[in-house]
Structures are given as structure tokens and as C-alpha cells.
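I opened this entry to keep track of what I looked up, beginning with the overall fold and going on to single side chains.

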Amino acid sequence: MASISSVELNYLVFRYLQESGFTHAAFALGYEAGINKCPIDGNLVPPGFPYYFCAEKTSVLGDGSQFE
């Protein structure tokens, strides 16, 4: 399994909050995490990916069978 950095995780959470309509929370996280200085090109992250990524990584936790 590939690891994910804190910068990447912060960006995914930031995008998830934006796409889910939590604009103030996204703004606060973006400000505190310095998302504007982040090296990630937001144009390369397709809409809906943060939700898909989190759902895929946590789906195995629902039945308790696997945690990676």
C-alpha cells in the first residue's frame, strides 16, 4: 500500500470539505494548513476523488476485517 503524506491528506480533506459545501471549514483548514502553498496541482485531482479515496480506504473498516 502506498503511503500518503500529511500535505496530501490535508489537501484531500480540504477538497472534500469544499465539494461537500462546508466552505467555511474548508477555508479554515486551507488557511491553517497553508493549502495555497501546497505543491499539489488541484487541476490534476478530479472532482469527487477525495470522497472516493476516503470511501475506498475506509470501506474495509466497516466489517472489521482489514485495516491497512
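**Fold, salt bridge and surface patch**

I began with the secondary structure and found 3 helices and 0 strands in the chain, the order of elements from the N terminus being α-α-α. I note here that the model is predicted.

I then turned to the chain totals, where buried residues make up 18% of the 68 residues, and where the accessible surface comes to about 5200 Å², with 60% of it belonging to carbon and sulfur atoms. Among contacts with a separation of 6 or more, 61% are between residues 24 or more positions apart.

Next I looked for salt bridges and found 1 in the structure: arginine 15 pairs with glutamate 19, and their closest N and O atoms are 2.9 Å apart. How many residues apart are the two partners in helix H1? They are 4 residues apart, which means that about one helical turn separates arginine 15 from glutamate 19.

Last, I looked up a nonpolar patch on the surface, which is formed by Ile4, Leu9 and Val13 and has about 210 Å² of accessible area together. Of its members I followed up valine 13, which lies in helix H1, covering residues 6-19.

Conventions: Residues are numbered from 1 along each chain as its sequence is written. This is a predicted model: local features need pLDDT of at least 70, side-chain atom pairs count only at pLDDT 80 or more; totals for chains, interfaces and linings use all residues. Side-chain values use heavy atoms; hydrogens and water are left out. Patches are made of residues with over 30% relative accessible area and no salt bridge: like charges are joined within 9 Å, nonpolar side chains (Val, Leu, Ile, Met, Phe, Trp, Tyr) within 5 Å. Accessible areas come from the Shrake-Rupley method with a 1.4 Å probe; for residues, only the protein chains shown count as cover. A salt bridge is a side-chain nitrogen of Lys or Arg within 4 Å of a carboxyl oxygen of Asp or Glu. Helices (H or I, at least four residues) and strands (E, at least two) are DSSP runs, numbered from the N terminus. Buried means under 20% relative accessible area, exposed over 50%, partly exposed in between (1.4 Å probe, protein chains only). Contact means heavy atoms within 4.5 Å.
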